[in-house]
Amino acid sequence: MLPRTRAALATAAVIVVAGVSATAALAAPTARARSLVTPLRGLDTQIVERINVERAQRGLAPLHLSRRLHAAANFHSYEMARGGFFSHVSLDGTSVSDRLARFYRSAGYRRWEVAETLLWDSGAVDAAAAVREWLTSPEHRSILLDSGLREIGISAVHDGAFQGTAATLVTADFGARSR
């Protein structure tokens, strides 16, 4: 059997919150003032818990934390914050599936599947609101509730000067592999 590879809805899986236009959110990196990017580890944990509550309510297995997917998510959240951009495509042009493959390898697996959801918000972000926003988008909903996805890595960061304002950025990377 050939490996099954899917970068689920990579280009469609972008959410813009708090009235920020899609044009601004997907803008190219801009010159920016130095800012301190700080991790929001408590928010990471709360989002995973909230996603698993939603999955349980629908009879789906919980997502398990993956160190490799967390590393991928963390890399991308910091890259977006420091580069002043918001996109599934990395600053160097790498696609989401290629970026995730660097951290969450497909070699040796007959099944490899990945997906990603992003969020940025200039206001206060809490787990319930983030997951609620994702669930209202058909593309994001299909990722969060995909019974084939079994693992998650998440990284929420706060940037004091993202595109001219303070912002929280969240990268959620999902995956499944089997031999």
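This is a predicted model: local features need pLDDT of at least 70, side-chain atom pairs count only at pLDDT 80 or more; totals for chains, interfaces and linings use all residues.
Mentor: Residues are numbered from 1 along each chain as its sequence is written, and side-chain values use heavy atoms, leaving out hydrogens and water.

Trainee: What makes a set of residues a nonpolar core?

Mentor: Its members are buried Ala, Val, Leu, Ile, Met, Phe, Trp, Tyr and Cys residues joined through side-chain atoms within 4.5 Å; buried means under 20% relative accessible area, with a 1.4 Å probe and protein chains only. The largest such core here has 24 residues, and Ile47, Ile51, Trp134, Leu144, Val170 and Phe174 touch the most other members. Helices H2 (41-57), H5 (127-136) and H6 (138-144) are among the elements that each supply at least two of its residues, as are strands E5 (111-121), E6 (151-162) and E7 (165-178). The largest share, five residues, comes from H5.

Trainee: Why are these called helices and strands?

Mentor: Because they are DSSP runs, H or I over at least four residues for helices and E over at least two for strands, numbered from the N terminus. By that rule the chain has six helices and seven strands.

Trainee: Which residues is Ile51 in contact with, leaving aside its neighbours within four places in sequence?

Mentor: Contact means heavy atoms within 4.5 Å, and Ile51 has such contacts with Leu63, Val131, Trp134, Leu144, Ile152 and Phe174.

Trainee: How much of the chain is buried?

Mentor: Buried residues are 48% of its 179 residues.

How values were computed. Buried means under 20% relative accessible area, exposed over 50%, partly exposed in between (1.4 Å probe, protein chains only).
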